[in-house]
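Open the model in your viewer and keep the selection tool ready. This tour goes from one stop to the next.

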Amino acid sequence: RQHLVPLLDLVNCEVSTSSSSLLDEEVREEIPEKFLDVLSDSSIVVRARRSYESGESLREDYNLPNWYLFLHYGFVLPSVPSMTLVNPHDCFQTELILEDTLKDFERKQRELQRRGMYETSLQSCVAPEFVSSDVWIFLRVKNNIEDRDALGVRVALYEHLNFRKSSYKTTLEEDFDILSNANGHVFPTNRHARTSIQFRFEEKKALRNVMDWLNKEIEKMGG
């Protein structure tokens, strides 16, 4: 259930720069491990993880990927376009479907159920080094890939993501130009349209990252 918490939800989001590698030892020791604690009486304590100037907006890293920020909060990170992946928690949200028109659909459906998966579709967010076991299982069953075939299942995921990439009507570079008001593209003045393009841009970057990682994995395996 989604809800707003008075005062607590005034804390806005930013990509954290308060990592231990950026701070000296004295400052690092003063940073609390948790930004937020829920006490036994259901009250909440919020602790700042960096110094703030008087009047500065209180912010914290939500530790969430952009698809979740866009869907539930209506914004993405960063607000200024960058060709590099800025949100370290980002991943590419995708859906795998076992179409009932597939040959041996019923057999594959039973095999998914035998492996503990009772739906013929699966939504998952993938990132370099972070692909759920359910994604690998689903792809193996759908594409008749043996469990020991690590190369084949990675090729199957790459092909699935490449198909998703081909469904976009604009390129990553074109979205960057739109958001940067460059090369003849007009920056959208409508906030909703602008945020949607920003999300599409960040989604494509997350897709590019996971496809680059898969391509390296496939090459290492001799594919």
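The stops below cover cysteines first, then charged pairs.

This is a predicted model: local features need pLDDT of at least 70, side-chain atom pairs count only at pLDDT 80 or more, and totals for chains, interfaces and linings use all residues. Residues are numbered from 1 along each chain as its sequence is written, and side-chain values use heavy atoms, with hydrogens and water left out.

**Stop 1: the cysteines**

Select Cys-91 and Cys-125. They form a disulfide, with sulfur atoms 2.0 Å apart (a disulfide is a pair of cysteine sulfur atoms within 2.5 Å). The structure holds 1 disulfide. Cys-91 sits in the loop between helix 2 (66-72) and strand 5 (92-97), and Cys-125 in strand 6 (residues 121-126), 34 residues apart. Helices (H or I, at least four residues) and strands (E, at least two) are DSSP runs, numbered from the N terminus. The torsion about the S-S bond of Cys-91 and Cys-125 is about 100°, so the disulfide is right-handed.

Cys-91 is buried at 14% relative accessibility; Cys-125 is partly exposed at 21%. Buried means under 20% relative accessible area, exposed over 50%, partly exposed in between (1.4 Å probe, protein chains only).

**Stop 2: Asp-175**

Select Asp-175, buried at 0% relative accessibility. Arg-200 meets Asp-175 in a salt bridge at 2.6 Å, N to O (a side-chain nitrogen of Lys or Arg within 4 Å of a carboxyl oxygen of Asp or Glu). Lys-204 forms a salt bridge with Asp-175 at 2.7 Å. Lys-204 lies in helix 7 and Asp-175 in helix 6, 29 residues apart.

**Stop 3: Arg-115**

Select Arg-115 and Asp-147. Their salt bridge has its closest N and O atoms 3.2 Å apart.
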